[in-house]
Amino acid sequence: LFDTLVDYDTASESFLPKLAHRWESNEDRTRWTFYLRKGIRFHDGRLLTSRDVRSTLHRLRRKNSPAINLFEDVEDAETFGDYVVVFRLSRPNAFFLHLAGCLYLAVLPAEEKEGLPIGSGPFRIGKLEKNKLTLNAFDGYFGYRPLIDRVDVWFLPGIEQESRTYQLSDQDDAEDNKELSNPGMGCRYLIFNFRTPGIHHDSAFRQAVRLLYDRQAI
């Protein structure tokens with residue numbers, strides 16, 4: 001739903017352009033300058049500018065965000081035109097790109113509106129119901145348009161902390177919907193697929209696996 005100034009690629013262990021196509025810092029790492037891409041639009045059609053970046057930082061402070069301590073060294077963000085923003089720090093920070101790429105600094109529109117959250121990411125919120133969140137591909141995305149047109153995220157009462165279920169479909173009544181269950185944060189599962197043949201159908205084998213594995217360790 002949202003985008004950050006930069007993105008961190010774990011494979012190459014390097015930062016990649018995102019909302020900012022280029023960045024630089026002064027020698028002592030107290031001023032970080034980001035040059036924004038032109039033509040990026042929020043889901044409601046508004047153009048993203050440096051003013052939105054500055055407002056996102058101020059919003060963290062105004063809302064007293066739990067993450068505000070991460071940005072306590074940031075004195076302010078100065079805008080120079082619509083596409084240049086400079087973060088002024090009270091002390092050197094060689095790791096500021098990590099902050100610029102974290103979710104807490106995902107850029108939101110400067111002018112807040114009532115209704116569903118608005119970002120500039122590849123998906124936009126289509127509908128939010130009690131038991132389901134519908135995400136639609138954002139055709140105006142500045143990067144690669146998602147291959148999936150729609151994602152339905154279902155909320156399952158009572159097990160929110162245990163699992164998440166995603167349903168991918170082309171139409172509401174599709175018979176060939178596929179559901180992908182993802183374990184919750186911090187959980188690991190060992191699952192036997194009884195739809196396939198194998199030794200796991202033998203209860204003695206499953207009992208042996210239970211003894212071999214340290215359940216606390218996994």
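# Briefing: fold, cores and salt bridges

The structure holds 14 salt bridges. The model is predicted. It describes a protein of 218 residues, of which 33% are buried. Three helices and eleven strands make up its helix and strand content.

**Overall layout**

- Along the sequence, the elements run β-β-β-β-α-β-β-α-β-β-β-β-β-α.
- The accessible surface of the protein is about 14,700 Å². Carbon and sulfur atoms account for 51% of that surface.
- Among contacts with a separation of 6 or more, 44% join residues 24 or more positions apart.

- Side chains of opposite charge can pair when their charged atoms come close.
- E112 pairs with R59 in a salt bridge, with the closest N and O atoms 3.6 Å apart. This pair links distant parts of the chain, 53 residues apart. E112 sits in the loop between α2 (96–100) and β7 (123–128), while R59 belongs to helix α1 (residues 50–62).
- E112 is partly exposed, because its relative accessibility is 44%. R59 is also in the partly exposed class, with a relative accessible area of 28%.
- R145 and D139 form another salt bridge, and their closest N and O atoms are 2.7 Å apart. R145 is partly exposed at 37% relative accessible area. D139 has 61% relative accessibility, so it counts as exposed.
- D152 and R150 meet through their side chains in a salt bridge of 2.9 Å, N to O. D152 is buried, because its relative accessible area is 2% and the limit for buried is under 20%. R150 has a relative accessible area of 15%, so R150 is buried as well.
- Salt bridges also link R31, E75, E78 and R88 in a network.

**Nonpolar cores**

- The largest nonpolar core has 27 residues. L5, F34, F71, F87 and F96 touch the most other members.
- β4 (31–36), α1, β5 (74–79), β6 (84–89) and α2 each give two or more residues to this core. The biggest share comes from α2, with four residues.
- Which residues does L5 contact, leaving aside its neighbours within four places in sequence? They are P17, K18, L19, A20, F34, L36, V53, F87, A100 and L105. Two of these partners, F34 and F87, are also named among the core residues that touch the most other members.
- A second, separate core has seven residues. Its members include I125, L133, V151 and V153.

**T33 in strand β4**

- T33 is part of strand β4.
- Is T33 buried or exposed? T33 is buried, because its relative accessible area is 13%.
- Beyond its neighbours within four places in sequence, T33 is in contact with R22, W23, E24, V84, V85 and V86.

**Nonpolar surface patch**

- L116, L128 and F155 form a nonpolar patch on the surface. Together they have about 250 Å² of accessible area.
- F155 lies in the loop between β9 (150–154) and β10 (163–168). Its relative accessible area is 33%, so F155 is partly exposed. Patch residues need over 30% relative accessible area, and the value for F155 is 33%.

**Positive phi angles**

- Where is E13 found? E13 lies in the loop between β1 (6–9) and β2 (14–17). Its phi is positive, at about 55°, although E13 is not a glycine. At 63% relative accessibility, E13 is exposed.
- R29 has a positive phi of about 60°, and R29 is not a glycine either. R29 is in the loop between β3 (20–25) and β4. R29 is partly exposed, because its relative accessible area is 34%.

Notes:
Residues numbered from 1 in each chain as written. Predicted model: local features only at pLDDT ≥ 70, side-chain atom pairs only at ≥ 80, totals over all residues. Heavy atoms only, no water. Patch = residues over 30% accessible without salt bridge, like charges linked within 9 Å, V, L, I, M, F, W, Y side chains within 5 Å. Areas by Shrake-Rupley, 256 points an atom, 1.4 Å probe, with all protein chains shown as cover. Salt bridge = Lys/Arg side-chain N within 4 Å of Asp/Glu carboxyl O. Buried < 20%, exposed > 50% of the residue type's maximum accessible area, 1.4 Å probe, protein only. Core = buried A, V, L, I, M, F, W, Y, C linked by side-chain atoms within 4.5 Å. Contact = heavy atoms within 4.5 Å.
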